[in-house]
Amino acid sequence: MNRLELTGLTTRPSQVWGGVRLVPLVREEPVAGLRLHREVYEGLGAGIVELDDRTHYVSYIPHGLVADWSGEGSDARDGGGQSAAYGTQFSGLEAARTVRLPRLAHHRTAKRRPGDRLRFLPLHLALEGYLALHFGGPSTAWEEWSRRALQAGLSPRAEDTYLGWSVRGLGDALRVFEIHPDQCGVMVYVSDALAAAFVVPHPEDYRLLHASLVEDLYGELVHQYGLYGAPVPEFGARIGGEEHIRTLAGLRAAALGQERAWAEAHDGLFARELLDSSYGFERVYRMGSFTLWRFLPPFVRDGSGQHIGETITDHKGRVAYLKTFRLSDPQIRRGHLLHTLAGADWELSRAAEALGATREELVRRIRAAGFSALLKGNV
Amino acid sequence: MNTPESPADLVAAEDLLLFVNAAITATGQREFRSGAISQHLSLDFLHTYVRVNYRRVYAACLALDINDHNAARIVLGLLETAGEASTEERRAEGRLIAARLALLPPQRVYRLFGEVRRAGINNRRTRAILRDWLAARPDLGHDAVKYRSGVKTAARHVHLRCPEGPARMAEVGAFLFRPGKLPRYGHPLLDAWRRAHYEQGAVAELPFSVAEGFAARHGMKRAVFLERAAPRMTRLERLRTQEQRAVGDRRPDVDLAVMPLTRLALYVLALPFAQRAARRAELTGALRTAARRAAGGHAGSWGRVHAVLDDSFSSSGSGQKRRRPLAVALACHYLLEALAAPGAYRAVWTSGRGDALLVRPWGPTPLGMRVLDALEPGPGGAVPDRLVIVSDGWDNAPAGLAGEVLRVWRRRLDPGRRTAVVHVNPVYDSEGFDVRRLAAGVPTAGIRDAEDLPALVEIARFAEGRAGAAELHAYLDRRVARFLGAGVGAGVGAEVGDRGAVGDGRPGREAVS
């Protein structure tokens with residue numbers, strides 16, 4: 001498996017608000033046997049995640065998602081049974097305002113809950129995968145590997161992201177967006193650059209999670225596009241060849257053709273960079289017939305957008321849940337550099353050769369990318 | 001009329017239509033897609049632009065079915081810049097202003113007086129207009145209790161004489177300016193207000209909105225208070241509190257059928273689905289009766305009518321105009337049913353649902369496909385005589401399809417204009433300074449109350465460009481003449497003939513029984 005498979009999801013015409021274009025994805029039938037709920041955390045999104053006994057990190061975590069593949073609650077309308085406990089209420093204001101709970105330390109990014117449920121932190125799986133990219137270092141100790149790195153591990157990497165609220169126009173666009181009755185997903189474009197894709201298994205889950213898009217993290221590029229980008233044009237329907245239309249049925253066929261034309265244009269043009277790339281998938285958790293993965297792009301530097309993300313697929317590899325994060329160009333460069341270094345077994349000369357550059361140039365690039373800690377002082 | 005029209009005339013006519021659309025729909029409140037501030041800025045610009053360039057027409061707009069917010073603004077604008085008008089213009093304006101003030105709900109007029117005071121307008125003419133209006137009030141004592149600060153501001157601003165002595169006016173003067181001086185008042189309401197401070201029994205004698213405050217102060221139980229206050233409520237207050245006054249299944253007998261149509265639609269939409277389904281016969285009956293009354297003389301005269309009604313998510317309006325666009329669509333549904341020939345009406349909701357009573361704002365707006373559905377001939381292959389589209393002009397699945405469908409259909413399938421198409425839009429678009437249009441060839445009119453639909457369809461004719469600027473001005477002159485002719489005294493009568501409805505359908509109109 002190296003691609004995203006969006007079979008079963010149909011693209012519907014986009015809705016534009018300023019520079020933001022939202023493309024609804026509609027499922028004919030919801031994915032059977034999987035539901036997602038939202039867990040809202042206190043503390044304005046600041047959270048600590050314990051990865052293992054010794055490692056933890058601090059990050060912005062407004063909410064978590066609970067995947068429920070027990071099959072309960074899928075028939076009960078109000079999320080009956082146990083699933084009601086899992087944040088189906090949207091804000092949980094009553095509980096949060098009256099009882100001061102101790103700051104919750106999240107144990108691992110994906111954590112099994114009692115029953116057939118798994119709590120995971122949206123986008124954190126993906127970001128952690130990206131941040132830890134090849135940071136295990138080389139398998140053998142080598143001369144340029146600093147003593148500090150060997151003794152204490154590498155210092156943590158940090159990446160800046162922007163909150164959805166600070167992407168200009170996104171909050172308004174989500175507010176005025178008209179959700180389709182069977183909608184299970186959305187593609188967010190800012191200045192017609194794909195900023196995020198979001199897919200859930202069931203329309204009711206989508207309705208509850210729609211507003212949470214504004215609490216998500218977005219890359220630097222998306223923020224800049226939102227800030228400096230001009231309003232994008234609507235995809236205006238144009239009925240051509242009107243001289244051949246003689247009946248109402250003919251007009252209806254032409255109108256339907258416009259809807260089809262949009263769906264094709266979107267999948268082939270707008271979402272191409274997401275759907276046509278091949279990804280490196282890493283399995284995080286298996287739950288019944290569903291699997292939770294995180295994926296990394298190939299880090300090729302051809303100027304197109306590249307996305308990291310996480311997804312839940314069913315036994316046929318079709319996407320039931322998807323959330324992506326668009327990397328900015330410096331982030332892609334960093335990934336590319338780390339990839340090349342790892343491919344060359346962390347030997348600078350070989351890596352420089354693979355990049356078609358000199359050793360000095362490579363050192364300069366490593367420093368510029370903020371990885372000086374990887375290098376010994378005298379290099 | 002065959003007089004050649006200069007481009008300037010056409011531009012003027014277009015500006016006027018633009019302004020009328022704005023003055024009907026915009027209230028300076030938040031809409032689904034634009035905020036209150038942008039509405040204010042946009043409306044400010046329009047008012048200034050039209051007032052400076054077409055002052056005569058600006059004043060004449062007072063005779064049209066524009067909303068109260070804009071009517072008050074026009075009055076203020078005219079009074080503020082009286083120096084720019086000639087003597088003759090001022091006289092005509094004065095008559096229009098007086099006639100319009102007589103129609104406005106009193107709370108609006110008192111607010112307008114406050115704005116006049118803040119703007120520092122205090123010439124002899126303004127004082128005369130205000131004094132005449134105050135003199136025409138049926139009971140100033142009632143106003144003094146209900147709109148206390150408003151009356152006080154107005155009286156002070158126009159130097160209203162409240163001579164000392166035993167007369168009625170003197171009492172009102174004492175009530176407003178020397179409170180607590182008189183041991184008792186001869187006027188029953190003034191005296192009730194005095195007693196209500198310490199006597200619960202007097203609370204029920206006061207107007208409802210004033211009594212509410214006293215009831216809260218006395219800690220009266222809401223249910224008990226509502227029961228006692230019911231006889232003194234206005235019609236709309238009675239409708240508003242109806243659900244609170246219901247005891248079990250027994251509802252106090254408010255005659256829903258006498259309510260204005262759009263108000264009634266708003267009331268129905270505020271009810272939960274289960275109640276709407278359970279009271280289907282009652283609610284449908286009331287809506288039908290109100291619609292028949294609103295249709296008046298036009299009933300049954302529109303032939304075969306097909307309608308596209310927007311119940312997409314955006315019809316939920318905003319926090320300030322809750323469900324207003326949907327209520328207008330629902331009211332139009334029943335009104336069109338009454339206007340169409342019996343059995344020759346068909347409605348298509350954008351969501352595809354068929355039950356008008358259970359509509360809710362939900363989902364996208366596939367307006368193009370719905371227009372196609374509505375254009376399908378009715379039973380027996382009969383082409384509709386009219387196609388009415390009630391929508392906010394946003395068409396997003398896909399965008400612009402409705403306009404394209406209408407354009408191609410008009411050009412290829414109905415070049416002879418067998419079917420008249422009109423689009424009415426309840427939402428003001430602050431960026432476009434107008435209501436949003438669907439297509440260039442389709443006339444669009446702003447709408448606020450569904451009751452105005454027949455009059456608006458007349459105006460929309462001009463927007464299509466098939467009737468010229470001269471005709472538009474003639475129409476305007478006719479409206480003004482009718483508005484003034486029916487006169488200040490019987491001001492409501494003009495409206496009755498015009499709307500073909502009982503003229504008291506306006507929001508906030510006093511109807512103390």
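Among the contacts in chain A of this predicted model that link residues at least 6 apart in sequence, 66% join residues at least 24 apart. Chain A holds 11 helices and 18 strands, and buried residues account for 49% of its 379 residues.

A:Phe299 sits in the loop that runs between strand S16 (290-296) and strand S17 (306-313) of chain A. The relative accessible area of A:Phe299 is 1%, and since buried means under 20%, this residue counts as buried. Its backbone is also worth noting: most residues other than glycine have a negative phi. A:Phe299, however, has a phi near 55 degrees, which is positive.

Let us now turn to chain B and a pair of its helices. Two packed helices are described by the angle between their axes and the distance between the axes. For helix H6 (residues 106-118) and helix H9 (residues 148-157) of chain B, the axes come within 9 Å and cross at roughly 45 degrees. H6(B) and H9(B) are therefore oblique to each other, and H6(B) passes H9(B) in a left-handed crossing. Which residues of H6(B) and H9(B) meet? From H6(B) come B:Tyr110, B:Phe113, B:Gly114, B:Val116 and B:Arg117, and they meet B:Gly150, B:Val151, B:Thr153, B:Ala154, B:Arg156 and B:His157 in H9(B). Sorted by class, this contact has five nonpolar, four polar and two charged residues.

B:His159 is a residue other than glycine with a positive phi, near 60 degrees.

Next, look for B:Glu93 in helix H5 (residues 87-103) of chain B. Is B:Glu93 buried or exposed? With a relative accessible area of 3%, B:Glu93 is buried. Setting aside neighbours within four places in sequence, B:Glu93 is in contact with B:Arg55, B:Ala59, B:Leu78, B:Ala85 and B:Arg125. With one of these, B:Arg55, there is a polar contact between side chains, at 2.8 Å. To get a sense of scale, B:Glu93 and B:Gly354 are 48 Å apart in space, C-alpha to C-alpha, and 261 residues apart in sequence.

The last stop is a peptide bond in chain B. Most peptide bonds are trans. The bond that joins B:Ala397 and B:Pro398 is cis, with omega about -10 degrees. You can find B:Pro398 in the loop between strand S3 (386-390) and helix H22 (401-413) of chain B.

Note on methods:
Residues are numbered from 1 along each chain as its sequence is written. Chains are lettered from A and ligands numbered from 1 in the order in which they are written. This is a predicted model: local features need pLDDT of at least 70, side-chain atom pairs count only at pLDDT 80 or more; totals for chains, interfaces and linings use all residues. Side-chain values use heavy atoms; hydrogens and water are left out. Axes are lines fitted to C-alpha atoms, for helices over the stretch in contact, and angles run from 0 to 180 degrees between N-to-C directions. Helices (H or I, at least four residues) and strands (E, at least two) are DSSP runs, numbered from the N terminus. Angles under 35 degrees count as roughly parallel, over 145 as roughly antiparallel, 65 to 115 as roughly perpendicular and the rest as oblique. A crossing is left-handed if the near helix is turned anticlockwise from the far one by less than a right angle, and right-handed if clockwise. Contact means heavy atoms within 4.5 Å. Ala, Val, Leu, Ile, Met, Phe, Trp, Tyr, Cys and Pro count as nonpolar, Asp, Glu, Lys and Arg as charged, and the others, Gly among them, as polar. Buried means under 20% relative accessible area, exposed over 50%, partly exposed in between (1.4 Å probe, protein chains only). A polar contact is a pair of N or O atoms within 3.5 Å; within protein, one must be able to donate a hydrogen and the other to accept it, and residues adjacent in sequence count only if both atoms are side-chain atoms.
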